[in-house]
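Please look over the structure shown here.

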Amino acid sequence: MSFAQSLRLAHLIKQKQDPESSPLSDNFGLFLTITNITLRFTLLVNFNCFHYLINSLWQVVGLNLNSMKFELEFFEEFVTKECRQNAKLNSSIIDYQKKVDVIEAESERIKKCFVRHLFEAKNDRKMEQFIQQHQAHIIRLADKVATIIDQESVHNLKNITSGTSRLNLCKVLLLVFEDLLNYIEVHFTKYFDQDQKIPDAYIFISVKEFEENLNTLQNLFKAKQVEEKLSLIVLYPIIQFTDIPQKQFFSFRRLIYLKHLVKSLFKILEDNNQQNYSQTIYEFLIYLNFNNHHLVQYSVSKVQTELERMDSLQAQLEHLSLLIKNLSQTQVKPDYALKPGRPLIKNLLLNWMDDEVHYIEKRRQLSLMMPPGAQNNVTLGDTKIKTTLSVSQIAYMIRLFKEEGIIVNNNKAELFRFFSKHFSSAHNENISTESFRSKYFANDESSVRHVKDVLNKLLLRLKQQE
């Protein structure tokens, strides 16, 4: 409150008493002096008293100093008085129930004030600042209360005994602060700052809840035969939350995301109609924008494995085109991200697939290029052995010959180049050396079964010719 505002206040009060009086009158000057000295003294002694006095004086003249005034003065004073560091938590409070009633009544009053301010606010930006300032102050008050009670009491916050101890009063305060924050989050979602820190007490409570859910989820993942690598990726952020050091910054945004993740995982895993839980969970993670590098690497590896099973570069391009189409049409939950500020995992994967398409397309073009006139100069060395086998099946048979000592060449790279150049598969006239190499080392179960059937037929033919 500046001196000019004090002058205006005193002038308005004087006009209330005598509309015709002059601001230069002796009575007004005396009143002004007394008012200004009182205001300055009150400001030095107690800011909250000063705030109350100023607003009361403005209400006398029918005005309001600040229509969006600070609404937490009561709790500020109450916490300072009742939750001192040296206070004995087991001590009994004589007017315990009266104080509990006052706390709850004040909480309801604040809620109504928030709603009133919402309808009276003319500036959306000021309303946002008003709500977020109160949100931050509630968090600070909750942290202050949490510092004087132990973690075990915080974990059992809702377990309030019938006694009238100071510990119970602190628990009531923490529950009221939690209720106020939830109220702001639900009814003032537009203004709620998700990037503010979670109160320390609620971190401890959330850690306990996540630890209980974590054990259940791990058992469900095993029971539903969810891929182990995917399970580790999904559960990693939850494990990380339960292992965080005390006092580490953790935002509401992160907590909201993890709670939604856990709730949705339970819903998926408890649905007995799912055919492939791993695929369903993977698709859900894309929808929820689970954009950490572990899932990106998992996705890339998954697609690369699928591409290696393709017989030709053209087949790889067609498969990638289908994946890009499906992923482009996938919906992503708005304003949700495991890692805020990072690109959507959908966009990360689309960018990688686009690069892969460009690379494979270049390889395909190079494989089709031939020197001028080469078509008229085909030699015996260019002749290909055509087979009815896939690339994987040819590669597996060559691997068997090599491991059994039938083929004794030591340089595998030369073998890959030779067979990829001189053999063609059932669906592929040209086999790339890289494709042949990857199929050689892969253990494709379907190829193993097919080669086994071919060898059994050859064995049967040999017996028939004995």
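**Cysteines and a helix pair**

The sulfur of Cys170 has its closest cysteine sulfur in Cys83, 3.7 Å away, which is too far for a bond. This is a predicted model, in which local features need pLDDT of at least 70 and side-chain atom pairs count only at pLDDT 80 or more, while totals for chains, interfaces and linings use all residues. Residues are numbered from 1 along each chain as its sequence is written, and side-chain values use heavy atoms, with hydrogens and water left out.

**Cysteines**

- A search of the whole structure finds 0 disulfides (a disulfide is a pair of cysteine sulfur atoms within 2.5 Å).
- Cys170 counts as buried, at 1% relative accessibility (buried means under 20% relative accessible area, with a 1.4 Å probe and protein chains only).
- Cys83 also counts as buried, at 4% relative accessibility.

**Helix 11 and helix 12**

- Two packed helices are described by the angle between their axes and the distance between the axes.
- Helix 11 (residues 252–269) and helix 12 (residues 277–287) have axes that come within 11 Å and cross at roughly 150° (axes are lines fitted to C-alpha atoms over the stretch in contact, and angles run from 0 to 180 degrees between N-to-C directions; helices are DSSP runs of H or I, at least four residues, numbered from the N terminus).
- That makes helix 11 roughly antiparallel to helix 12 (angles over 145 degrees count as roughly antiparallel).
- Helix 11 contributes Leu261, Ser264, Leu265, Ile268 and Leu269 to the contact, and helix 12 contributes Tyr277, Thr280, Ile281, Phe284 and Leu285 (contact means heavy atoms within 4.5 Å).

Notes:
Helices (H or I, at least four residues) and strands (E, at least two) are DSSP runs, numbered from the N terminus. Angles under 35 degrees count as roughly parallel, over 145 as roughly antiparallel, 65 to 115 as roughly perpendicular and the rest as oblique. Buried means under 20% relative accessible area, exposed over 50%, partly exposed in between (1.4 Å probe, protein chains only).
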